[in-house]
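Here's a quick briefing to read with the model open beside you. Have a look at the fold first, then work through the points below.

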Amino acid sequence: MTMTQTPVRPTARTLTTRPPRRTWPYWLAAFVLMAIVGAGAYVVYRTPVFGLQQLEVAAGGGDLSGDVSDEVRAAAGIAEGTPLINIDLDAARRRVLAVPEVATATVARHWPNAVVITVTQRVPVAVTKANGSMWLLDHDGDPYIRVSAANVPAGLLTLQLATPGAGDAATVAALSVAAELKAQVKPLVASISARSAYDVQLLLKDGRTVLWGSPDDGAKKMQILPAALQQPGKTYDVSDPDILTISH
């Protein structure tokens with residue numbers, strides 16, 4: 001006799017059910033995270049926790065005078081306590097570059113509480129007269145600041161120029177010639193005149209004139225000039241250093 005088994009259905013007691021998934025912990029975590037981010041943003045943007053406490057002015061090359069450092073700090077226009085993230089670095093840099101003695105400038109945040117301004121100060125290499133005033137020239141020939149005759153730095157040569165400027169060929173030529181002058185000749189020079197890039201003259205303090213010509217062959221011209229000036233004469237033409245001409 002064959003026996004068959006009838007499958008037994010699970011009773012209510014044997015059925016298992018899972019509780020519904022709770023999603024609120026995830027929403028709570030997202031809310032907490034957003035609150036933390038918002039609080040952090042508020043601290044960074046709206047409070048002095050990351051505000052300016054130190055404004056440093058550093059030299060990018062060469063020396064930096066105390067007066068220029070003070071001018072740069074004032075020109076930057078960054079108030080103490082200003083959140084660093086809110087400081088417009090480009091605008092501050094433009095204001096710093098408006099200081100006449102500043103040639104180059106960078107402005108950078110240094111977290112958490114500092115801004116560093118690095119500047120290169122212009123170095124005067126000559127002085128010229130334009131529009132009725134005396135102007136200091138930097139090595140590019142840019143007349144960057146007006147000075148009184150009493151405040152012209154010692155040792156600077158005076159350049160006589162029609163249109164002084166960094167893009168003026170005569171200015172560039174005169175500066176090139178000035179750079180060639182050695183210690184035995186430079187003290188004798190009252191001024192350098194440049195009507196063009198090819199017509200540079202040295203006007204000496206005793207009234208004599210040196211016709212230098214263009215800046216070409218400057219070292220060779222400088223080599224023969226000291227001995228030439230030992231000879232009597234009124235005008236010394238070294239424009240062609242191979243043919244020295246002295247006029248009385």
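Helices (H or I, at least four residues) and strands (E, at least two) are DSSP runs here, numbered from the N terminus. With that in hand, Lys 182 sits in the loop between helix 4 (169–180) and strand 8 (189–194). Bear in mind that this is a predicted model: local features need pLDDT of at least 70, side-chain atom pairs count only at pLDDT 80 or more, and totals for chains, interfaces and linings use all residues. Residues are numbered from 1 along each chain as its sequence is written, and side-chain values use heavy atoms, with hydrogens and water left out.

**The chain overall**

- The protein chain has five helices and 12 strands.
- Of its 248 residues, 34% are buried; buried means under 20% relative accessible area, exposed over 50%, and partly exposed in between (1.4 Å probe, protein chains only).
- Taking contacts (heavy atoms within 4.5 Å) with a separation of 6 or more, 46% are between residues 24 or more positions apart.

**Nonpolar cores**

- A nonpolar core is a set of buried Ala, Val, Leu, Ile, Met, Phe, Trp, Tyr and Cys residues joined through side-chain atoms within 4.5 Å.
- The largest one has 28 residues, and those with the most contacts inside it include Leu 159, Leu 181, Ile 192 and Trp 212.
- Strand 7 (157–161), helix 4, strand 8, strand 9 (200–204), strand 10 (209–213) and helix 5 (218–229) each put in at least two residues of this core, with helix 4 giving the largest share, six residues.
- Setting aside neighbours within four places in sequence, Leu 159 is in contact with residues including Val 127, Leu 137, Ala 174 and Ile 192.
- Apart from that core there is another, of 19 residues, among them Ile 78, Leu 84, Val 96 and Val 107.

**Helix 2 against helix 3**

- The axes of helix 2 (residues 66–76) and helix 3 (residues 89–97) come within 8 Å and cross at roughly 140°; axes are lines fitted to C-alpha atoms, for helices over the stretch in contact, and angles run from 0 to 180 degrees between N-to-C directions.
- That makes helix 2 oblique to helix 3, since angles under 35 degrees count as roughly parallel, over 145 as roughly antiparallel, 65 to 115 as roughly perpendicular and the rest as oblique.
- On the helix 2 side, Val 72, Ala 75 and Ala 76 meet Ala 92, Arg 95 and Val 96 of helix 3.

- Lys 182 counts as partly exposed, because its relative accessibility is 44%.
- Lys 182 touches Pro 187 and Met 222, not counting residues up to four places away in sequence.
- Lys 182 and Pro 226 are 44 residues apart in sequence, yet 9.3 Å apart in space, C-alpha to C-alpha.
- Thr 209, in strand 10, counts as buried because its relative accessibility is 17%.

- Most residues other than glycine have a negative phi, and most peptide bonds are trans.
- Trp 111 and Pro 112 are joined by a cis peptide bond, with omega about 10°; Pro 112 lies in the loop between strand 2 (102–110) and strand 3 (114–121).
- Asn 131 is not a glycine but has a positive phi of about 55°, and at 79% relative accessibility Asn 131 counts as exposed.
- Asp 217 also has a positive phi, near 60°, and lies in the loop between strand 10 and helix 5.
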